[in-house]
Amino acid sequence: MKEIVFSSPFFGITISIVAYSIGVWLNKKTKMAIINPLLISYVIIIPLLVLLNIPLEWYKRGGDIINMFLSPATAVLAITVYRQRKLLKDHILSVIVGSIAGSLTSLLVVYALCRLLLMPDEITVSMLPKSITTPMAIAVSESLGGIEAVTVLAVIITGISGNILGPILIKVFRIKNEIAQGMAMGAASHAVGTSKAIELGEVQGALSSIALVMSGIITVILSLIFFL
């Protein structure tokens, strides 16, 4: 009976939606950055699977269906760039330079730290694309011989950290320029950071959306040039 219920793809889909919905509700109620919907989802789902002794393979039957929508969702980001084409045209130099700087800094810092900590090559290349959206990060990681699970974890941690710490760092370093705020959020913490940038303002959200796309493209190119 247990296998029939929990091994169904509907279980993985349902529990993911319910857990995320709870996270969204808690975030709106508390208005605290640390109460991130994604983080709450993990806090709910992982203990539930452990307590009920549900194999990860059963959950993944539904989770994999959700993952199918990641690539199309990434492609749809092109619409965001198109809608913000005037803003992109007006600030094209800032966008290009900011995206290159953000991508290059992320790659070099990860590479240097992994070498300093004597990490295996598979771990190093798995963590290189941590600051770009999941489908692109997985593609880069796989092409370099990385481990998908490590890449996904690195992307998740980066996104949630940027979502929580981004606004704090903007205040600490007194970054007043709205364009700089948006570029920083999008280039450093992809879509999860962009969701927070949208809350900061329309300009920040638009520039962050552009930055996450541009940084993703640039990171893919730089990774394949320097690390393949």
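Colleague: Why are α2 and α3 called oblique to each other?

Modeller: The axes of helix α2 (residues 9–30) and helix α3 (residues 37–51) cross at roughly 135 degrees and come within 8 Å. Helices here are DSSP runs of H or I with at least four residues, numbered from the N terminus. Axes are lines fitted to C-alpha atoms over the stretch in contact, with angles from 0 to 180 degrees between N-to-C directions. Under 35 degrees counts as roughly parallel, over 145 as roughly antiparallel, 65 to 115 as roughly perpendicular, and the rest as oblique. The pair α2 and α3 is therefore oblique. This is a predicted model, in which local features need pLDDT of at least 70 and side-chain atom pairs pLDDT 80 or more, while totals for chains, interfaces and linings use all residues. Residues are numbered from 1 along each chain as its sequence is written, and side-chain values use heavy atoms, without hydrogens and water.

Colleague: Which residues of α2 and α3 meet?

Modeller: In α2 they include Phe11, Ile15, Ala19 and Leu26, and in α3 they include Leu38, Ile44 and Leu48. The residues of this contact (heavy atoms within 4.5 Å) divide into 14 nonpolar, four polar and no charged. Ala, Val, Leu, Ile, Met, Phe, Trp, Tyr, Cys and Pro count as nonpolar, Asp, Glu, Lys and Arg as charged, and the others, Gly among them, as polar.

Colleague: What makes the pairing of lysine 196 and glutamate 199 a salt bridge?

Modeller: A salt bridge needs a side-chain nitrogen of Lys or Arg within 4 Å of a carboxyl oxygen of Asp or Glu. For lysine 196 and glutamate 199 the N to O value is 3.1 Å, so the pair meets the definition. Both residues lie in helix α11 (residues 178–200), three residues apart, about one turn of the helix. The structure holds four salt bridges; another joins aspartate 121 and arginine 115 at 2.9 Å.

Colleague: How do you know whether lysine 196 is buried or exposed?

Modeller: Buried means under 20% relative accessible area, exposed over 50%, and partly exposed in between (1.4 Å probe, protein chains only). Lysine 196 has 12%, so lysine 196 counts as buried.

Colleague: Why is arginine 61 called partly exposed?

Modeller: Its relative accessible area is 41%, so arginine 61 falls in the middle class. Arginine 61 lies in helix α4 (residues 56–67). Leaving aside neighbours within four places in sequence, arginine 61 is in contact with Ser7 and Pro9.

Methods
Helices (H or I, at least four residues) and strands (E, at least two) are DSSP runs, numbered from the N terminus.
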